[in-house]
Number of protein chains: 2
Amino acid sequence: MSDNSIKNMEDFAAVSGISRPTVSKYFNDPKSVRASTRSKIETALEKYDYRPNIYAINQNRSRTKNIGLVVPNMTDPFFAAIARALEGLILDAGFSPLLLSSHGGADQEVANLESLRAIKPAGVLLAPWGRASNLAEVCRFADQIPTVLFDANLDGVGAGFFGSDNVQSIDLIVDYLCRSGEAPAFFEMENPINPNALRRRTAYVAAMERQNQTATFIRVKGDGWDFEEIGYREGLRLFAQGDLPSSTILCSNDRLAIGLLAAAFERDIKVGLDSDCSLRIAGHDDHPFARYTCPGLTTIAQDYAAIGARSVEAILKLIHRPDQPKTREMALFEGRLVMRGSA
Amino acid sequence: MSDNSIKNMEDFAAVSGISRPTVSKYFNDPKSVRASTRSKIETALEKYDYRPNIYAINQNRSRTKNIGLVVPNMTDPFFAAIARALEGLILDAGFSPLLLSSHGGADQEVANLESLRAIKPAGVLLAPWGRASNLAEVCRFADQIPTVLFDANLDGVGAGFFGSDNVQSIDLIVDYLCRSGEAPAFFEMENPINPNALRRRTAYVAAMERQNQTATFIRVKGDGWDFEEIGYREGLRLFAQGDLPSSTILCSNDRLAIGLLAAAFERDIKVGLDSDCSLRIAGHDDHPFARYTCPGLTTIAQDYAAIGARSVEAILKLIHRPDQPKTREMALFEGRLVMRGSA
DNA sequence: GAAAAAACTTTACGCGTGATAAAATTAAGT
DNA sequence: ACTTAATTTTATCACGCGTAAAGTTTTTTC
């Protein structure tokens with residue numbers, strides 16, 4: 001027969017013995033048709049494996065069933081893990097995730113938003129590049145398409161933000177470090193791109209105040225996202241100089257700490273809690289590799305299960321009720337202290 | 001005026017003073033219209049920022065300007081790095097990359113191919129899941145849509161394969177290890193999913209033969225992609241037992257080695273070349289984190305610049321001349337020895 | 001078992017663009 | 001200015017599906 005000639009819904013409707021509009025209805029919602037016709041269609045479906053043309057479907061719809069997902073840097077395992085979790089949640093909600101990475105920088109971020117615009121997504125989950133983001137463009141985008149921010153906040157942009165409570169988490173780890181040894185110095189980049197880095201800095205100052213300690217900083221130079229390299233290079237330099245402000249170092253993020261630990265190892269500086277150790281190092285984020293550093297990295301685990309769940313929930317609500325009151329939703333989730341050998 | 005009412009090409013053609021078919025021609029190839037009309041269109045473009053509806057464009061086309069890019073696991077920084085490089089090459093060629101990860105396993109791989117089918121990509125670059133891949137489905141897909149494999153080969157599937165020459169690279173590192181100390185034992189998983197693991201195993205046997213050494217294996221249990229965890233857990237177990245077949249261990253890949261190094265550190269086993277070290281560990285792939293292990297991991301760097309370039313080149317050739325002779329192209333690229341502290 | 005409700009069929013149109021043939025215009029060369 | 005080639009315009013169809021209206025059949029309800 002003409003088995004292979006099922007080119008469109010018309011043809012498929014013919015072989016399944018159902019009219020095309022009903023078949024169309026079926027594909028939009030299988031439960032919206034009578035059980036008997038549904039089974040007829042599904043029988044034919046098994047035999048002819050037809051699928052509606054996605055472009056024709058979306059041509060009329062002003063919004064599709066896609067949800068854009070933009071992360072600043074997929075090469076960072078931390079974001080890769082979050083992205084993966086979010087993909088799952090989006091799929092569960094019956095939408096198709098479209099994952100894009102802004103690794104090129106703020107320009108790539110804008111380019112990603114442009115690509116998404118062309119695809120007319122129902123909504124977008126955006127972890128912005130950071131301070132360097134093209135705020136005007138991101139704003140313009142968020143005004144046109146339902147957008148929820150996660151991981152890093154840009155004030156007032158999008159319909160909501162969900163991320164970590166840096167004040168709580170930094171307080172938690174500063175408290176732990178102070179109780180278990182010398183108060184920590186804060187290791188950070190001079191000009192961090194990520195807004196979270198700035199918030200953690202402020203949170204560190206406040207936490208140290210609460211501990212009646214004076215905040216001290218180790219600020220290092222470095223551009224871009226090659227944090228391990230920066231931590232390593234600057235660690236080597238610092239250890240060579242030998243004038244650390246404290247024997248406990250709290251890094252602004254795990255990736256800096258990973259580099260710093262490698263530098264300490266190379267310089268034969270024992271890191272940890274034991275009596276023969278001269279340095280303690282802690283991080284923030286619970287990077288997937290934090291448990292395989294030497295020693296394992298004491299750090300803060302972000303609750304990104306919760307962050308992801310709430311972000312997806314928010315974007316879905318926005319999609320289903322697009323004309324709701326314009327109150328910007330926002331929630332910060334507590335971090336959890338993960339104790340390993342390094343501090 | 002009616003500034004914002006540019007809803008389609010008709011409207012845009014009107015405001016730019018050019019007929020719609022000519023505008024259409026412009027968007028398909030700006031150089032195909034007269035310079036004067038081109039500038040007219042581009043002037044209007046700046047003023048009204050219209051962009052053709054991507055769904056309407058693709059509705060008729062049997063193939064789009066998209067190239068699918070499927071990697072087994074984006075959470076693995078190695079694949080994240082390759083994917084990023086490939087994305088750049090695809091963009092340079094004037095196509096849009098669509099990146100998908102099969103992290104769910106072979107089922108997700110099939111699902112990804114299904115998604116891609118719906119999008120009608122011009123071609124697909126596929127790094128297959130491995131032995132567990134649904135061979136029949138992948139084959140069926142590759143028969144319908146131009147497909148090139150990279151990283152891992154599936155015999156006869158797709159129009160070509162580009163990857164690393166495991167025989168050369170393993171020979172290179174075995175030779176180095178033998179010259180610089182005790183001949184290596186091969187650390188691997190019992191049932192590796194990745195075809196490269198099997199090839200490296202065979203290559204190891206052959207290389208040891210050439211060195212007049214007897215091949216010895218350390219085979220460990222473990223499922224899935226959590227290689228660091230497996231290396232770490234099994235490393236702890238092995239070191240507790242204390243009956244290693246050799247003081248030099250060549251791991252099937254870097255991620256196993258990273259776990260193994262962490263285990264050695266925890267057990268106070270000094271790894272490296274110095275006289276006070278009792279163990280040497282080497283890996284394969286030059287994982288982005290290999291330079292931050294303690295000590296830095298001696299390994300083989302895959303030439304994935306070349307692999308990526310050739311893969312993209314091959315898929316482009318296939319797209320432009322779809323009916324060329326059906327010889328399956330294939331090339332293996334040499335690895336480079338990266339010497340660090342661990343061996 | 002009849003009336004009401006629900007689901008389906010038929011018919012027809014619209015979406016925004018690509019493609020093409022024939023006619024009209026413009027540019028280039030002499 | 002005239003010829004010729006190149007380009008643009010006009011007009012029309014195609015693509016595959018969503019959707020609405022009107023009529024028909026099936027199922028549910030009492």
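Student: In which helix does Thr22(B) lie?

Tutor: Thr22(B) lies in helix α2 of chain B; helices (H or I, at least four residues) and strands (E, at least two) are DSSP runs, numbered from the N terminus. Please note that this is a predicted model, in which local features need pLDDT of at least 70, side-chain atom pairs count only at pLDDT 80 or more, and totals for chains, interfaces and linings use all residues. Residues are numbered from 1 along each chain as its sequence is written, chains are lettered from A and ligands numbered from 1 in the order in which they are written, and side-chain values use heavy atoms, with hydrogens and water left out.

Student: Is Thr22(B) buried, exposed or partly exposed?

Tutor: Thr22(B) is partly exposed, because its relative accessible area is 27%. Buried means under 20% relative accessible area, exposed over 50%, and partly exposed in between (1.4 Å probe, protein chains only).

Student: What does the side chain of Thr22(B) have 2.9 Å away from it?

Tutor: A phosphate oxygen of DNA strand D is 2.9 Å from a polar side-chain atom of Thr22(B). A polar contact is a pair of N or O atoms within 3.5 Å; within protein, one must be able to donate a hydrogen and the other to accept it, and residues adjacent in sequence count only if both atoms are side-chain atoms.

Student: And how far is Thr22(B) from Arg38(B) in space?

Tutor: The C-alpha atoms of Thr22(B) and Arg38(B) are 9.5 Å apart, and the two residues are 16 apart in sequence.

Student: Staying with DNA strand D, which residues come nearest?

Tutor: Of the 24 residues around DNA strand D, those that come nearest are Met9(A), Ser24(A), Tyr50(A), Ser19(B) and Asn60(B). A residue is near a strand if one of its heavy atoms lies within 4 Å of it. One of those five, Tyr50(A), has a polar side-chain atom 2.4 Å from a phosphate oxygen of DNA strand D. Asn53(A) has a backbone N or O atom 2.8 Å from a phosphate oxygen of DNA strand D.

Student: Which element gives the largest share of that surface near DNA strand D?

Tutor: The largest share, four residues, comes from α4(A). By class, the surface near DNA strand D has eight nonpolar, 12 polar and four charged residues. Here Ala, Val, Leu, Ile, Met, Phe, Trp, Tyr, Cys and Pro count as nonpolar, Asp, Glu, Lys and Arg as charged, and the others, Gly among them, as polar.

Student: What about DNA strand C; which residues come nearest there?

Tutor: Ser19(A), Thr37(A), Met9(B), Ser24(B) and Tyr50(B) come nearest, out of 26 residues around DNA strand C. The side chain of Tyr50(B) places an N or O atom 2.5 Å from a phosphate oxygen of DNA strand C.

Student: Which side chain has an N or O atom 3.2 Å from a base oxygen of DNA strand C?

Tutor: That is the side chain of Arg20(B). Of the atoms of DNA strand C within 4 Å of the protein, 63% belong to sugar or phosphate and the rest to bases. The largest share of the surface near DNA strand C, four residues, is from α4(B).

Student: Changing topic: at what angle do α10(B) and α11(B) pack?

Tutor: Helix α10 (residues 227-241) of chain B and helix α11 (residues 254-266) of chain B pack at about 40 degrees, with axes 7 Å apart. Axes are lines fitted to C-alpha atoms, for helices over the stretch in contact, and angles run from 0 to 180 degrees between N-to-C directions. The helices α10(B) and α11(B) are therefore oblique to each other. Angles under 35 degrees count as roughly parallel, over 145 as roughly antiparallel, 65 to 115 as roughly perpendicular and the rest as oblique.

Student: Where is Asp268(B) found?

Tutor: Asp268(B) is in the loop between α11 and β9 of chain B. Asp268(B) is not a glycine, yet has a positive phi of about 60 degrees, and is exposed at 64% relative accessible area.
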